[in-house]
Amino acid sequence: MKGRNQKLKLLYLSKIMQEETDDTHALTMPEIIEKLAKYGVEAKRKSIYDDLDALDYYGMEIIREHSGYKTYYHCGNREFEIAEIKFLVDAIQSSKFISEKKTKELIKKLEKTISIYDAKLLDREIKVAGRVKNMNESIYYSIDTIHNAIIENKAISFKYFSWNVKGEEEFRRDGNPYNVSPWALHFDDERYYLIGYDHDKEEIRHYRVDKMRQVSITEMNRKGKKEFSWQNQTKYNERYFRMYGGEIQNVSLRCQNEMANIIIDQFGKDVRLRPSDEGYFTVKVDVAVSNQFLSWVIALGGKVKIEKPDNVKEQMQKLLDNTFVV
């Protein structure tokens, strides 16, 4: 009597080869037959030879190695190499916007693309990691909704909150929904930001996606295409510090030569560094002037100073005057 899962033989064979073999673990033909039997599949050598050839032809590299009178079979190339999986796992673990639960789910899915032996090595690495994760798992679905709205050319509605001193979510605008036309999602400082046209304020603004609640697609078509068109999305990392707003101004900075690397990392390779006094250069950058930008300058320990304009210098002095230690 044939095995109860005979029609699934090729699928089970594929599963066995992917999960139980790799470059350092192989199976003999008797072992393959035995493992198929555990799935309720009876198979003869000849049919398995044909099935392995079919898997190989399909794109799953089946490597055959001879040792004495035995032939060993294992899966060769894969969708991802173990080094690539480790890289993706590290990226997932270090991302604040992915919750702990979703992190585990994604890693489990990645484990299915490698052998059980490599997955065990991955498990040991996962247990070592202890990173702060986002408490709001709904961000995963909010991002999906925003992408769909952009594709459908529709505005979205959502509630936006801040944390209060009790550690509770406190909705802005008295809990009234924001109506925003989404134009882009921007990733900065391990957080996702929505860049969109606010229908009430009639201007381009950005919002932290992890602070958005009840995100839904509306029947309204998107607005603000003209306002968004001048926004160069690639400039956001250069102009906005931690995505805090502020009037974008052209600021002249006087920097020690050793700061060239930091300036280029922050503002891009297109900035022009002009030699100044010996050991110094000046650079003009367009930047959203906020306390975060000014604090960035302060953190550079006097190696970068603001030359112009005067109003930005005054903002810097005011920030320094208001800074105190308890």
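**The sheet and the helix contacts**

A: Strand S11 and strand S12 (residues 280-288) pair in the antiparallel sense over 2 bridges; pairing here requires that DSSP find at least two bridges between the strands. Within this pairing, Arg274 has Thr282 of S12 as its bridge partner. The model is a predicted one, in which local features need pLDDT of at least 70 and side-chain atom pairs count only at pLDDT 80 or more, while totals for chains, interfaces and linings use all residues. Residues are numbered from 1 along each chain as its sequence is written, and side-chain values use heavy atoms, with hydrogens and water left out. Helices (H or I, at least four residues) and strands (E, at least two) are DSSP runs, numbered from the N terminus.

The pair belongs to an open sheet of 4 strands, ordered S11-S12-S10-S13 with antiparallel pairing. Its edge strands, each pairing on one side only, are S11 (274-275) and S13 (304-308). Helix H10 (residues 260-267) packs on this sheet, where it touches strand S10 (248-256), S12 and S13; contact means heavy atoms within 4.5 Å. The direction of H10 makes about 20° with that of S12. Helix H12 (residues 310-322) also packs on the sheet, touching S10 and S13, and its direction makes about 135° with that of S13. Axes are lines fitted to C-alpha atoms, for helices over the stretch in contact, and angles run from 0 to 180 degrees between N-to-C directions.

Elsewhere, helix H2 (residues 29-38) and helix H3 (residues 45-58) pack at about 90°, with their axes 11 Å apart. H2 and H3 are therefore roughly perpendicular, a term covering 65 to 115 degrees. Met29, Pro30, Ile32, Ile33 and Leu36 of H2 meet Arg45, Ile48, Tyr49 and Leu52 of H3. The residues of this contact comprise 8 nonpolar, no polar and 1 charged; Ala, Val, Leu, Ile, Met, Phe, Trp, Tyr, Cys and Pro count as nonpolar, Asp, Glu, Lys and Arg as charged, and the others, Gly among them, as polar.

From H1, Lys9, Leu10, Leu13, Ser14 and Met17 meet Ser47, Ile48, Asp51, Leu52 and Leu55 in H3. By class, the contact of H1 with H3 has 6 nonpolar, 2 polar and 2 charged residues.

How values were computed
Parallel < 35°, antiparallel > 145°, perpendicular 65-115°, else oblique.
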